[in-house]
Amino acid sequence: MSRWKGLSIIMGCAIFAATLTSCDRQSGQDRPTLRIGMILSESGGAAAYGADAKRGAEVALEMARAEGLPFDVDVVSRDDRSEQTEAANAATALINIDHVNAILGPAISPSALSVGRLAQENGVPMVVTSATLDSITRTDEYDRTFVFRACFNDTFQGQAMASFVFNSLQDRTAAIVYDSSLPYSVGLSRAFRADFERLGGRVVSQDTYSSTDTDFSALITRTARVDADVLFIPGWDEHVGPMIRQAAGRWNKFTLIGGDGWPTDRLLQLAGPVIPEAYALSHFQPENPSPQAAAFIEAYRARFGSNPTPFAALGYDAMRLILDAAKRASSLERESLRASLAATRELPLATGTFSFDETRSARKEASIVAITPQGFTLRERVRP
Amino acid sequence: MSYFASQVLNGLSLGSVYALTAIGFGVIYGVLRMLNFAHSEVFTSGVFIAYGVLLGLGDWGQAYPVAAILIAIAAAASGCALLSMTMERVAYRPLRGAPPIAVLLSAIGVSIFLQNVGIHAFGAQTRGFPGLTVGIDPRWIAVAALAACFGVLLWTVYASPFGVKLRAVAENPTVAKLMGVRPDYVILGAFALSGAYAGVAGVIWGVVYGTVHPQMGFYLGLKCFIIAVLGGVGSVVGTLLMGLALGLVETLVAAYLPDGHAAIREPIVLSVLLLALVLRPGGISGLIDPRERV
């Protein structure tokens, strides 16, 4: 008798579990799932950018879920280790194996170039977080209509910094030191030079280093004898920080100018206690935040216990862009998402009120920050 | 200071790191005829030990920077000596008498193992070495450290009782054993010596160049191995001279290349090394002292 009783209990449990599974499947049919593939640099040279972007994206998803989404979201995350080939492998897997509806990332230009090509070929919309190289979205040879970015591009960045040096600092001569092995650095140095000379400034010297360099002493001594008002270094924090430290005061005669690769805590840590007068362009500066930025900062602090970096803010914006486009899209098919992303206008996000320009780059306000060993302070805002 | 003098100082500073690291390769090869590929990671460990010590000293280190650097040097030298001895005892001694390829593979294995332990423990990102305001140009610290270390090394190898045993084992371990020398202890001492010098090189790197990274020793180690070969493997004076020479060539090439061509610095430097190897495959030690082997 007790054996029959036990069997009945087991069968009852099995029927109950099957009913629950069936209900779950039923609800899954009602709520479509948006699969987002995330490719960010969580290790390697660009880890400071990708890891922060991932945190920002996670906060955005949490906040959006709390506000309510008409679909489920499934995120598949891959680390490109700051390498172009790893990024391409990750994209191939996300597109062909995970069948994602959209890609978020990468954070850096070399990775974004290779992922962008694959996304375009396979018709998968992607939103780059912080890769600013112009040719990621469009060149004279191609137009990657599926590739969008949450940040501005190097053309805008070069214009903004050239204008800042010429009009705000009233400096007329510049020296440039760029990383010849990094497309981002090459592109930004060209953009700055073109705009600075168009305004009437003069670039008196141009020198290079390589991403593999760790000893910058010869370059520092070489540059120190150049007679220029500002020294523009469009590089990553990983190289600029040690450069400033090894200069040990020998660059004090210059005002140092940098791009969006500078405003990170890692730059401050690597540069050490002595930083000459220095300014850089930033995607996000949490002084006088908008309501959207304030909500993001609060949620980010609650989750991670620290203030968000500009790269975290871009990760947040990229996720919000995809979710907003998915909400407005007629379906979660890739082509519908692309069309909906392209139609984004005046969307309030953490880094500003967002629209895409004709190159599908962000058209929004940027910040120029002053850099001291203690941190970054807002110097002025720049509008496109 | 003139432009040329400043660039020479840059070259000597870089050459100091090269020479101190390369000495370790040379000493071990001189005694055991083995390529200790893991020596690069001993150098990296030296930078990390100094990094930890200086972080631990905190404000006291900032108030007394010279004392802090000396403490970091002592800690890195002894820590790296211990690490190097452990490697010898665990990974190399059991293979004594095995084919050279087995020892080489063991060394490569230890190198990869240590790199991955470093990545797991500290992460793959580059860190900034704690900044110290010493009051003098850090490049002079590198040159002074090299001069002091080289003096100690010369005494150790050519004037101390251990040096006599070391040279005896390098010359002929069997005969040395018949004379009452215990080769295992001498080899262990050679590893301690090479580790200690890699530790000092690590501290100099941190103080002058300011970065710490778990894989930072790999490329530097390759260059140092070439330096040890060109110096005449086992030749202390030859290794020192070649280390300084490579540092100077590398810096002066970068200093006098036309603007915007810094990327070809490494190919030029490596071509010079290749040419030197072709012209003198046995290194320059024969030019200094044909009998010298450690």
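Two strands are taken to pair if DSSP finds at least two bridges between them. In this predicted model, strand β12 (residues 352-356) of chain A and β13 of chain A pair in the antiparallel sense over two bridges. A:F356 stands opposite A:A362 in β13(A). Both strands belong to an open sheet of three strands in chain A, ordered β11-β12-β13 with antiparallel pairing. The edges are held by β11 (347-349) and β13 (362-363) of chain A, each with a single partner strand, so one side of each lacks a neighbour in the sheet.

Chain A also contains a helix pair, α11 (residues 310-328) and α12 (residues 334-342), whose axes lie 8 Å apart at an angle of about 110 degrees. Angles of 65 to 115 degrees count as roughly perpendicular, and α11(A) is therefore roughly perpendicular to α12(A). The residues in contact are tabulated below.

| Helix | Residues in contact |
|---|---|
| α11(A) | A:L321, A:I322, A:A325, A:A326, A:R328 |
| α12(A) | A:L337, A:S340, A:L341 |

By class, this contact of α11(A) with α12(A) has six nonpolar residues, one polar and one charged.

Between the chains, about 2,200 Å² is buried by chain B and chain A, with 49% of it on carbon and sulfur atoms. Chain B contributes 32 residues to the contact and chain A 24 residues. Of the area that chain B buries against chain A, 22% comes from B:Y3, B:T126 and B:Y209, more than from any other three residues. One salt bridge is found across the interface of chain B and chain A. A:D213 forms a salt bridge with B:R265, with the closest N and O atoms 3.8 Å apart.

Notes: Residues numbered from 1 in each chain as written. Chains lettered and ligands numbered in written order. Predicted model: local features only at pLDDT ≥ 70, side-chain atom pairs only at ≥ 80, totals over all residues. Heavy atoms only, no water. Axes fitted to C-alpha atoms, helices over the stretch in contact; angles between N-to-C directions. Helix = DSSP H or I, 4+ residues; strand = E, 2+ residues; numbered from the N terminus. Parallel < 35°, antiparallel > 145°, perpendicular 65-115°, else oblique. Contact = heavy atoms within 4.5 Å. Nonpolar A, V, L, I, M, F, W, Y, C, P; charged D, E, K, R; others polar. Buried area = accessible area lost by both parts, 1.4 Å probe. Salt bridge = Lys/Arg side-chain N within 4 Å of Asp/Glu carboxyl O.
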